[in-house]
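This report covers helix packing, aromatic pairs and the setting of several individual residues. The sequence and the structure are shown first.

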Amino acid sequence: MDSLISGGHKSRSSSTSLWHTPQYKAWFTADTASAAGAAMQGFAIALVSFKLSGSVVSAGWLTTLTRVLQQFANLFGGTFIDRHGRKLLIIVNGVSEAILWGAVFILLFRGSLTFWGFAVLVMCSSLINGFLGGATDAALRSIIELHDYPKAKSINEGRDATINIAGSPLGGVLYGVAPWLPFLIAALLYALAGVSATRIASDRHQQQTSEKQLCKQSFRVDFKSGWRYVFTSRLLVVLIVVTALFNLAVNGVQYAIELFLVSEHTNTFLIGLISTSTCVGVLLGAFIAGKLSEITPVGISIITALVLTLVACLPLMFNTSYVLVLVCTALIGLPCPMYNAVCLGFIFAKTPNELQGRVKSAMSVSVQTLSIFSSAIAGMLLGRVGFSAAILVFAIPLAVAIVIALMSRQISTIPAASHWEQTKL
């Protein structure tokens, strides 16, 4: 499918077009503040749920329910985002989250928060974030140049890895000082996101398109047109299948490792280091992706990332020593930023501006549906066939993804970012 690409791109370096651009800096600040806010409150939700309910089951169900609600809202949120000004939606999302988590902070501080009151506030946050959270990514298309997408994605991968590395320890320290403190910090960060978004210029073309759509087409028609755009593109469908298999394999292996260590009564600090190891691998991978993603052909990068991930999983089938597991988890995280930078960067760079929200929604739901069940599958496999066999089972979809990518000429011939303007999606 052809995408709507504005002509006349200037030949600028990525550092100039990104960090020297006020629009991008405002967008990045808003996106980073939201991600950091999510890390702060996300760590404390399970702890506060257990503290208020006294039940591990209730705390677990609340966490699961929030994820389900967010994914459900995300299903329709993309269409809503494409029909309205994205700058305004980013601001509304940030302010709404600040109000909700600010309310949690105040109620906890006063000692008047109940489990059900907390559950309602958490579920409202999940629905709002699922419905409006995609506006930030959707706005990026009108802010940066086409060839800067891989660089921007690489930066985001490194940013997210850094937040994941520091988020849990910092959240634990804050919670130890006072249970309400992580929520106060989260509310302030979300408020910062909303304020930063005010510096993003409105996309007049997108707003005019949205207004016309609101007049001429129903929400249902727009919703269907977005999904039709995704699933009538053969290349997009193949990329979705490959990415879904990749997500299932990586998440499955990570859950299998975590559950295996728990079953072996491994020290909790050592179990926590596994997550840190993965984030360190992702952080290093993001640095590498930032250097190579703009000049390396997308097809070759996708296949290389898949093969490297499979190679990193293979030793786990033959040895279960903690040191080896620690090294392998870092190596598994290493290719992920490159994959996301080139694959997702290509998809969203080539997607028309007015379809950004719907395509992100369709992609997110499609590639994450299988991985939702990875934890349950890992648990069943560990109980029935053991750790080594579980890793082998999760390596199968990864091998299938490699075969599909190698056999698909559409994937293998996707060029580097400098040639995206002449490439069809």
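## Accessibility classes and model

A residue is called buried under 20% relative accessible area, exposed over 50% and partly exposed in between. By that scale Trp-180, at 23% relative accessibility, counts as partly exposed. The structure is a predicted model.

## Aromatic pairs around Phe-109

Across the whole structure, a search finds 16 aromatic pairs. One of them joins Phe-105 and Phe-109, with 6.0 Å from centre to centre and 45° between the planes, a tilted arrangement. Both residues sit in helix α4 (residues 86-110), 4 residues apart, which means that about one helical turn separates Phe-105 from Phe-109. The two rings fall into separate accessibility classes. Phe-105 has 18% relative accessibility and therefore counts as buried, while Phe-109 has a relative accessible area of 54% and is exposed.

Phe-109 also pairs with Trp-180: the ring centres are 5.3 Å apart and the planes stand at 80°, so this pair is edge-to-face. What does the pair tie together? Phe-109 belongs to helix α4, whereas Trp-180 is in the loop between α7 (149-177) and α8 (181-197), so the pair connects parts that are 71 residues apart in sequence.

## An aromatic cluster

Ring pairs also build a cluster elsewhere in the model. Its members are Phe-72, Phe-76, Phe-223, Trp-227 and Phe-231.

## Helix α13 against α15

Helix α13 (residues 298-313) packs on helix α15 (residues 336-350) at an angle of about 140°, and the axes are 9 Å apart. Because of that angle, α13 is oblique to α15; the class of roughly antiparallel would need an angle over 145 degrees. The crossing of α13 and α15 is left-handed.

Which residues make this contact? On the α13 side they are Val-298, Ser-301, Ile-302, Ala-305 and Leu-306, and on the α15 side Met-338, Tyr-339, Val-342, Cys-343 and Phe-346. Sorted by class, the contact of α13 with α15 consists of 9 nonpolar residues, 1 polar residue and no charged ones.

## Helix α13 against α18

α13 packs on helix α18 (residues 387-407) as well, here at an angle of about 160° and with axes 10 Å apart. α13 and α18 are therefore roughly antiparallel to each other. Their crossing is left-handed.

In this contact, α13 supplies Ile-303, Leu-306, Val-307, Thr-309, Leu-310 and Cys-313, which meet Ile-391, Ala-395, Leu-398, Ala-401, Ile-402, Ala-405 and Leu-406 of α18. The residues of the contact of α13 with α18 comprise 12 nonpolar, 1 polar and no charged. Leu-306 of α13 takes part in the contact with α15 and in the contact with α18.

Val-403 is another residue of helix α18. With a relative accessible area of 42%, Val-403 is partly exposed. How far apart are Val-403 and Val-242 in sequence and in space? They are 161 residues apart in sequence and 9.4 Å apart from C-alpha to C-alpha.

## Two serines

Ser-125 is located in helix α5 (residues 115-132). Is Ser-125 buried or exposed? Its relative accessibility is 4%, so Ser-125 counts as buried. Leaving aside residues up to four places away in sequence, Ser-125 touches Glu-97, Leu-100 and Trp-101.

Ser-275 is located in helix α12 (residues 268-292). Its relative accessible area is 48%, and Ser-275 is partly exposed. Between Ser-275 and Asn-164 there are 8.6 Å in space, C-alpha to C-alpha, although the two are 111 residues apart in sequence.

## Gly-111 in the loop between α4 and α5

Gly-111 lies in the loop between α4 and α5. It has a relative accessible area of 64% and is exposed. From Gly-111 to Leu-381 the C-alpha to C-alpha distance is 43 Å, and the two are 270 residues apart in sequence.

Terms used
Residues are numbered from 1 along each chain as its sequence is written. This is a predicted model: local features need pLDDT of at least 70, side-chain atom pairs count only at pLDDT 80 or more; totals for chains, interfaces and linings use all residues. Side-chain values use heavy atoms; hydrogens and water are left out. Axes are lines fitted to C-alpha atoms, for helices over the stretch in contact, and angles run from 0 to 180 degrees between N-to-C directions. Angles under 35 degrees count as roughly parallel, over 145 as roughly antiparallel, 65 to 115 as roughly perpendicular and the rest as oblique. A crossing is left-handed if the near helix is turned anticlockwise from the far one by less than a right angle, and right-handed if clockwise. Contact means heavy atoms within 4.5 Å. Ala, Val, Leu, Ile, Met, Phe, Trp, Tyr, Cys and Pro count as nonpolar, Asp, Glu, Lys and Arg as charged, and the others, Gly among them, as polar. Rings of Phe, Tyr and Trp (its six-membered ring) pair if their centres lie within 6.5 Å; planes under 30 degrees apart count as stacked, over 60 as edge-to-face and the rest as tilted. Buried means under 20% relative accessible area, exposed over 50%, partly exposed in between (1.4 Å probe, protein chains only).
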